Amino acid sequence: MSARTSFLALLLLAACSPTPSTPAPTVEPVVVPGSSGPPVVDAVALARARTAMSTLGTTLKGTLVATMSTEGPTAAMEVCSQDAMSLTATVAANTSVTVGRSSLRLRNPDNAAPSWVQEWLEGQGERPAENVEGQQTTAVLADGTAVVRVVAPLPIEAPCLVCHGPNEGRLPELTEALTAKYPEDHATGYVIGDLRGAIWAEAPVVDSGLELVANGDAKWPMDESTREAIGELRTALAGPALTDMPATAALAEGLDASLTKMVQGCTMDGASHDQLHHFLGVFFPTLDALKAATTVQAANDTRILLQVQVIEYDMFFE
Ligand code: HEC
């Protein structure tokens, strides 16, 4: 890479993958309609929303780095232009989280904000990004789905000016490409420090299906072998989203092996053993659903449910 190219690569790297400032890690609990489960699932939904947001950034970054080094800056703009939308859709398809970037001054009309993001944007107005804070909220959609919503501000930094700054002085070849692609471009004329817009994500809150009973103020005691097996489940489920069916099969096989070990090594009895059976009575069928999944989307939805079940397990068992 030449010095000039690598400088531009750095610029564009920063440009197309803005790091959202981190909102406070708390969110109002939401009661999942028709569920009696504890609100811990909010934390899972929140983590998924935030992961989807950074996945969008990281994926754009990877594609851009590759394009910059092989094809140069205008091509990188094309990547921003073409791939941003399809990457957004891909993140949504693979994680069942909706994500996007938006602004009061849109370049691409397809980035129009959903109403709750639009409300946030209008609440901020056109202003410097300094002291603008992100927001985390919960809501119940018209179809009864409870969701966690995260929005974070995107400030204009020096590299953004290449494509969002004043029209004067821009690389002519870039201006030409932008005008051709976005005749209705409202996203120029920004100065450093301006609030450019927002990155946002919406994740459904998942009901774990477990109906565990608390052990007074204490957690249910577990034997060594069970703790070990649950640790394995947690680790296996913590990986990135599944991308194909062989990965799904491998995950199911690993979970199966851990559960078999757990059942064989179990030395427990009494009330905590009964509670463990409560857990297994729901976890096993969910694992069967993972094995029966025929699409990556279905597999990931089921995987998320398994994650939620293990997190809820942690709340009740030591
Ligand atoms: C190489 C040119 C380029 C640079 C540099 C660039 N952008 Fe963009 N930006 C685009 C293009 C093209 C679009 C429209 C396509 C898309 O990404 O959806 C866009 C869209 C956006 C959007 C979505 C809203 C809309 O107007 O469509 C946001 C938000 C955004 N850019 C923020 C930034 C920020 C913040 C920076 C700097 C950190 C930056 N951009 C740097 C080219 C660029």
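This is a predicted model: local features need pLDDT of at least 70, side-chain atom pairs count only at pLDDT 80 or more; totals for chains, interfaces and linings use all residues.

Colleague: Okay, which residue in E3 is the bridge partner of Ala139?

Modeller: Val147. The hairpin of E2 and E3 has 5 residues between the strands, and Gly144 there takes a positive phi near 95°.

Colleague: And in what order do the strands of the sheet come?

Modeller: E1-E4-E3-E2, as an open sheet of 4 strands with antiparallel pairing. The edges are E1 (98-102) and E2 (135-140), each pairing on one side only. On average, neighbouring strands are turned by 20° against each other, ignoring direction.

Colleague: Which helix lies across E1, E2, E3 and E4?

Modeller: That's H4, residues 115-124. Its direction is at about 150° to E4, the strand at 195-204.

Colleague: Zooming out, how many helices and strands are in the protein?

Modeller: 10 helices and 4 strands. Along the sequence they follow α-α-α-β-α-β-β-α-α-β-α-α-α-α.

Colleague: What share of the contacts join residues at least 24 apart?

Modeller: 79%, counting contacts between residues at least 6 apart in sequence.

Colleague: Switching to helix packing. At what angle do H9 and H10 pack?

Modeller: About 170°, and their axes are 9 Å apart. H9 is residues 270-292 and H10 is residues 296-316. Anything over 145 degrees counts as roughly antiparallel, so that is how H9 and H10 sit relative to each other.

Colleague: Which residues meet there, H9 against H10?

Modeller: From H9, the list includes Phe279, Val282, Phe283 and Leu287, and from H10 it includes Leu305, Leu306, Tyr313 and Phe316. By class, the H9 contact with H10 has 11 nonpolar, 4 polar and 1 charged residues.

Colleague: What about H7 and H8, what's their angle and axis distance?

Modeller: About 170°, with the axes 8 Å apart. That makes H7 roughly antiparallel to H8. Among the residues that meet are Ala229, Glu232 and Leu233 in H7, and Leu255, Leu259, Lys261 and Met262 in H8. The class count for H7 with H8 is 7 nonpolar, 5 polar and 2 charged.

Colleague: Now the inside. How many residues does the largest nonpolar core have?

Modeller: 54, and Ala49, Ala198 and Ala201 have the most contacts inside it. H2 (41-71), H4, E3, E4, H7 (224-237), H8 (245-265), H9 and H10 each supply at least two residues of that core.

Colleague: Which of those gives the most to the core?

Modeller: H10, with 8 residues. As for burial overall, 36% of the 318 residues of the protein count as buried.

Colleague: Buried or exposed, and why?

Modeller: Exposed, because Ala218 has 8 C-beta neighbours inside 10 Å, and 12 or fewer puts a residue in that class.

Colleague: And how are the C-alpha atoms of Ala218 and Phe316 placed, what separates them?

Modeller: 8.2 Å, although Ala218 and Phe316 are 98 residues apart along the chain. Phe316 is also one of the H10 residues that meet H9.

Key:
Residues are numbered from 1 along each chain as its sequence is written. Two strands pair if DSSP finds at least two bridges between them. Axes are lines fitted to C-alpha atoms, for helices over the stretch in contact, and angles run from 0 to 180 degrees between N-to-C directions. Two residues are in contact if their C-beta atoms, placed from the backbone, lie within 7 Å. Angles under 35 degrees count as roughly parallel, over 145 as roughly antiparallel, 65 to 115 as roughly perpendicular and the rest as oblique. Ala, Val, Leu, Ile, Met, Phe, Trp, Tyr, Cys and Pro count as nonpolar, Asp, Glu, Lys and Arg as charged, and the others, Gly among them, as polar. A residue is buried if 20 or more other C-beta atoms lie within 10 Å of its own, exposed if 12 or fewer, and partly exposed in between; C-beta atoms are placed from the backbone. A nonpolar core is a set of buried Ala, Val, Leu, Ile, Met, Phe, Trp, Tyr and Cys residues joined through C-beta atoms within 7 Å.
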